[in-house]
Amino acid sequence: MEQPKISRRFFVSISAMAGAFAFIPASVKSAYISAKNLFIPQKRALPLSVSINKKLYKLQQDTRTTLLDLLREELQLTGSKKGCDHGQCGACTVHVDGERVLSCLTLAAMVQGKEVTTIEGLANGDELHPMQKAFVECDGFQCGYCTPGQIMSAVACVKEGHTGSVEEIKEFMSGNLCRCGAYNGIVKSIQQVAQ
Ligand code: FES
Ligand code: FES
(Lines give C-alpha, C1' and ligand atoms only; values in the text may rest on other atoms or scores of the structure.)
(Ligands and ions follow the chains in the order given, each with its own letter.)
Protein backbone atom coordinates (compact mmCIF):
# COMPACT_ATOMS: atom_id res chain seq x y z
CA MET A 1 0.00 0.00 0.00
CA GLU A 2 1.37 3.37 -0.94
CA GLN A 3 2.15 5.52 2.11
CA PRO A 4 0.93 9.11 2.01
CA LYS A 5 3.55 11.86 2.03
CA ILE A 6 4.14 13.70 5.30
CA SER A 7 2.65 17.17 5.06
CA ARG A 8 3.75 20.16 7.11
CA ARG A 9 0.39 20.15 8.89
CA PHE A 10 0.82 16.47 9.75
CA PHE A 11 4.37 17.04 11.03
CA VAL A 12 3.33 19.97 13.25
CA SER A 13 0.30 18.16 14.65
CA ILE A 14 2.15 14.90 15.39
CA SER A 15 4.98 16.84 17.06
CA ALA A 16 2.54 18.72 19.25
CA MET A 17 0.63 15.58 20.13
CA ALA A 18 3.78 13.59 20.84
CA GLY A 19 4.98 16.33 23.19
CA ALA A 20 1.67 16.44 25.00
CA PHE A 21 1.48 12.67 25.14
CA ALA A 22 4.86 12.39 26.88
CA PHE A 23 3.37 13.91 30.03
CA ILE A 24 0.39 11.57 30.17
CA PRO A 25 0.64 8.74 32.76
CA ALA A 26 1.13 5.18 31.39
CA SER A 27 -2.24 4.10 32.73
CA VAL A 28 -3.92 6.74 30.58
CA LYS A 29 -1.70 6.07 27.54
CA SER A 30 -2.74 2.42 27.49
CA ALA A 31 -6.29 3.54 26.85
CA TYR A 32 -5.18 4.89 23.46
CA ILE A 33 -3.78 3.37 20.31
CA SER A 34 -1.42 5.22 18.01
CA ALA A 35 -2.49 5.10 14.39
CA LYS A 36 -0.85 7.30 11.75
CA ASN A 37 -1.39 10.88 12.88
CA LEU A 38 -3.93 10.12 15.58
CA PHE A 39 -4.07 8.87 19.12
CA ILE A 40 -7.40 7.11 19.17
CA PRO A 41 -9.15 6.13 22.41
CA GLN A 42 -9.19 2.29 22.48
CA LYS A 43 -12.93 2.24 22.85
CA ARG A 44 -13.31 4.32 19.68
CA ALA A 45 -10.69 2.54 17.52
CA LEU A 46 -12.12 0.75 14.53
CA PRO A 47 -10.25 -1.40 12.01
CA LEU A 48 -11.32 -0.27 8.56
CA SER A 49 -10.72 -1.97 5.24
CA VAL A 50 -11.80 0.04 2.22
CA SER A 51 -10.92 0.33 -1.45
CA ILE A 52 -10.32 3.90 -2.53
CA ASN A 53 -9.70 4.57 -6.21
CA LYS A 54 -9.01 0.84 -6.65
CA LYS A 55 -6.37 0.71 -3.90
CA LEU A 56 -7.06 -1.31 -0.78
CA TYR A 57 -6.44 0.52 2.50
CA LYS A 58 -6.37 -1.16 5.90
CA LEU A 59 -6.55 1.50 8.58
CA GLN A 60 -7.31 2.14 12.22
CA GLN A 61 -9.97 4.79 12.44
CA ASP A 62 -11.68 6.76 15.15
CA THR A 63 -15.37 5.85 14.93
CA ARG A 64 -16.17 9.58 14.77
CA THR A 65 -14.05 10.31 11.66
CA THR A 66 -15.94 11.32 8.54
CA LEU A 67 -15.08 9.93 5.13
CA LEU A 68 -14.13 13.45 4.03
CA ASP A 69 -11.62 13.83 6.87
CA LEU A 70 -10.23 10.37 6.21
CA LEU A 71 -9.66 11.28 2.56
CA ARG A 72 -8.26 14.76 3.09
CA GLU A 73 -6.46 14.64 6.44
CA GLU A 74 -5.10 11.09 6.50
CA LEU A 75 -4.76 9.98 2.90
CA GLN A 76 -3.96 13.42 1.45
CA LEU A 77 -6.63 12.95 -1.23
CA THR A 78 -7.52 16.63 -1.15
CA GLY A 79 -9.50 16.75 -4.40
CA SER A 80 -12.75 16.39 -2.47
CA LYS A 81 -13.37 19.79 -0.92
CA LYS A 82 -14.71 20.81 2.47
CA GLY A 83 -17.06 23.66 1.68
CA CYS A 84 -19.60 23.67 4.50
CA ASP A 85 -19.01 20.35 6.35
CA HIS A 86 -22.79 20.30 6.89
CA GLY A 87 -24.25 18.63 3.80
CA GLN A 88 -25.27 21.88 2.15
CA CYS A 89 -22.84 22.60 -0.69
CA GLY A 90 -21.93 19.32 -2.41
CA ALA A 91 -18.21 20.16 -2.67
CA CYS A 92 -17.33 16.91 -0.90
CA THR A 93 -19.27 14.59 -3.23
CA VAL A 94 -17.66 11.19 -3.91
CA HIS A 95 -18.97 7.85 -5.13
CA VAL A 96 -19.47 4.87 -2.82
CA ASP A 97 -20.17 1.67 -4.73
CA GLY A 98 -21.06 3.85 -7.71
CA GLU A 99 -23.59 6.05 -5.88
CA ARG A 100 -22.94 9.72 -5.12
CA VAL A 101 -22.69 10.57 -1.42
CA LEU A 102 -21.70 13.60 0.62
CA SER A 103 -18.49 12.50 2.28
CA CYS A 104 -18.83 15.14 5.03
CA LEU A 105 -22.03 13.42 6.20
CA THR A 106 -20.66 9.87 5.82
CA LEU A 107 -18.72 8.27 8.64
CA ALA A 108 -15.59 6.42 7.53
CA ALA A 109 -16.99 3.41 9.40
CA MET A 110 -19.88 3.32 6.92
CA VAL A 111 -17.61 2.52 3.95
CA GLN A 112 -16.19 -0.66 5.47
CA GLY A 113 -15.63 -3.15 2.60
CA LYS A 114 -16.88 -0.68 -0.03
CA GLU A 115 -15.40 0.89 -3.15
CA VAL A 116 -14.91 4.63 -2.90
CA THR A 117 -14.11 6.76 -5.94
CA THR A 118 -12.92 10.32 -5.59
CA ILE A 119 -12.10 12.90 -8.25
CA GLU A 120 -8.50 11.60 -8.16
CA GLY A 121 -9.71 8.20 -9.34
CA LEU A 122 -11.93 9.36 -12.20
CA ALA A 123 -9.36 9.78 -14.96
CA ASN A 124 -7.80 6.77 -16.65
CA GLY A 125 -4.11 7.55 -16.18
CA ASP A 126 -3.43 10.68 -18.26
CA GLU A 127 -6.75 10.32 -20.06
CA LEU A 128 -9.40 12.59 -18.52
CA HIS A 129 -12.87 11.21 -17.88
CA PRO A 130 -15.33 12.46 -20.56
CA MET A 131 -17.03 14.62 -17.91
CA GLN A 132 -13.72 16.24 -16.96
CA LYS A 133 -13.06 16.97 -20.66
CA ALA A 134 -16.57 18.41 -21.04
CA PHE A 135 -16.10 20.76 -18.06
CA VAL A 136 -12.92 22.08 -19.71
CA GLU A 137 -14.53 22.44 -23.13
CA CYS A 138 -17.79 24.01 -21.88
CA ASP A 139 -16.31 26.37 -19.25
CA GLY A 140 -17.93 24.41 -16.43
CA PHE A 141 -15.88 26.19 -13.77
CA GLN A 142 -14.25 29.44 -12.75
CA CYS A 143 -12.31 29.24 -9.45
CA GLY A 144 -12.65 25.45 -9.45
CA TYR A 145 -13.39 24.99 -5.76
CA CYS A 146 -16.76 23.33 -6.29
CA THR A 147 -15.63 21.51 -9.44
CA PRO A 148 -14.57 18.11 -8.04
CA GLY A 149 -17.95 17.76 -6.33
CA GLN A 150 -19.79 19.05 -9.42
CA ILE A 151 -18.01 16.53 -11.66
CA MET A 152 -18.66 13.59 -9.33
CA SER A 153 -22.34 14.57 -9.14
CA ALA A 154 -22.49 15.17 -12.89
CA VAL A 155 -21.13 11.68 -13.64
CA ALA A 156 -23.77 10.21 -11.32
CA CYS A 157 -26.49 12.43 -12.82
CA VAL A 158 -25.79 11.01 -16.30
CA LYS A 159 -25.58 7.45 -14.97
CA GLU A 160 -28.90 7.89 -13.16
CA GLY A 161 -30.49 9.09 -16.41
CA HIS A 162 -31.53 12.50 -15.12
CA THR A 163 -30.58 14.41 -18.25
CA GLY A 164 -33.90 14.62 -20.09
CA SER A 165 -34.07 18.43 -19.99
CA VAL A 166 -32.21 21.44 -18.65
CA GLU A 167 -34.74 21.64 -15.82
CA GLU A 168 -34.17 17.99 -14.90
CA ILE A 169 -30.39 18.43 -14.89
CA LYS A 170 -30.73 21.54 -12.70
CA GLU A 171 -33.00 19.67 -10.31
CA PHE A 172 -30.66 16.70 -9.95
CA MET A 173 -27.58 18.93 -9.66
CA SER A 174 -29.23 21.25 -7.15
CA GLY A 175 -27.25 19.79 -4.24
CA ASN A 176 -24.05 21.21 -5.71
CA LEU A 177 -23.60 24.94 -5.22
CA CYS A 178 -21.21 27.15 -7.19
CA ARG A 179 -20.30 30.53 -5.75
CA CYS A 180 -18.92 31.59 -9.13
CA GLY A 181 -22.21 30.89 -10.88
CA ALA A 182 -20.77 28.57 -13.53
CA TYR A 183 -24.11 26.78 -13.76
CA ASN A 184 -24.68 27.29 -17.51
CA GLY A 185 -21.33 25.66 -18.34
CA ILE A 186 -22.02 22.83 -15.90
CA VAL A 187 -25.38 22.07 -17.53
CA LYS A 188 -23.77 22.22 -21.02
CA SER A 189 -21.06 19.80 -19.88
CA ILE A 190 -23.63 17.32 -18.67
CA GLN A 191 -25.66 17.62 -21.86
CA GLN A 192 -22.50 17.04 -23.92
CA VAL A 193 -21.65 13.84 -22.07
CA ALA A 194 -25.25 12.62 -22.03
CA GLN A 195 -25.37 12.90 -25.83
S1 FES B 1 -18.68 19.96 2.53
FE2 FES B 1 -20.07 18.33 2.34
S3 FES B 1 -21.87 19.24 1.59
FE4 FES B 1 -20.56 20.92 1.93
S1 FES C 1 -16.26 27.43 -9.92
FE2 FES C 1 -15.94 28.69 -8.17
S3 FES C 1 -17.34 27.90 -6.72
FE4 FES C 1 -17.85 26.86 -8.54
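Contact here means heavy atoms within 4.5 Å. One more bit of bookkeeping before the views: this is a predicted model, where local features need pLDDT of at least 70, side-chain atom pairs count only at pLDDT 80 or more, and totals for chains, interfaces and linings use all residues. Residues are numbered from 1 along each chain as its sequence is written, chains are lettered from A and ligands numbered from 1 in the order in which they are written, and side-chain values use heavy atoms, with hydrogens and water left out.

**View 1. The whole chain, before zooming in.**
The chain has 7 helices and 7 strands; these are DSSP runs numbered from the N terminus, with helices being H or I of at least four residues and strands E of at least two. Going along the sequence, the order reads α-α-β-β-β-β-α-β-β-β-α-α-α-α. Of the 195 residues, 39% are buried, where buried is under 20% relative accessible area, exposed is over 50% and partly exposed is in between (1.4 Å probe, protein chains only). Take the contacts between residues at least 6 apart in sequence, and 52% of them join residues at least 24 apart.

**View 2. Helix α4 against helix α7.**
Helix α4 (residues 130–137) packs on helix α7 (residues 183–194) at about 135°, and their axes are 8 Å apart. Axes are lines fitted to C-alpha atoms, for helices over the stretch in contact, and angles run from 0 to 180 degrees between N-to-C directions. That angle makes α4 oblique to α7; under 35 degrees would be roughly parallel, over 145 roughly antiparallel, 65 to 115 roughly perpendicular, and the rest is oblique. On the α4 side, the contact is made by Pro130, Met131, Ala134, Phe135 and Glu137, and on the α7 side by Ile186, Ser189, Ile190, Gln192 and Val193. Sorted by type, these contact residues come out as 7 nonpolar, 2 polar and 1 charged (Ala, Val, Leu, Ile, Met, Phe, Trp, Tyr, Cys and Pro are nonpolar, Asp, Glu, Lys and Arg charged, and the others, Gly among them, polar).

**View 3. Inside the largest nonpolar core.**
This core has 17 residues, and Met131, Ile151, Met173 and Ile190 touch the most other members. A nonpolar core is a set of buried Ala, Val, Leu, Ile, Met, Phe, Trp, Tyr and Cys residues joined through side-chain atoms within 4.5 Å. Helices α4, α5 (147–160) and α7 each supply at least two residues, and α5 gives the most, with 5. Beyond its neighbours within four places in sequence, Ile151 is in contact with Ile119, Leu122, Met131, Gln132 and Phe135. Elsewhere there is a second, separate core of 15 residues, including Leu59, Leu67, Leu71 and Val111.

**View 4. Thr147 in helix α5.**
Thr147 sits in helix α5 and is buried, with a relative accessible area of 9%. Not counting residues up to four places away in sequence, Thr147 touches Phe135 and Phe141.

**View 5. His95 in strand β5.**
His95 belongs to strand β5 (residues 93–96) and counts as buried at 8% relative accessibility. Skipping neighbours within four places in sequence, His95 is in contact with Arg100, Glu115, Val116, Thr117, Met152, Val155 and Ala156.

**View 6. The loop between β3 and β4.**
Asn53 lies in the loop between β3 (45–52) and β4 (55–62), and its phi is near 50°, positive although the residue is not glycine. Lys54 is in the loop between β3 and β4 and has a positive phi of about 70°, again without being a glycine. At 74% relative accessibility, Lys54 counts as exposed.
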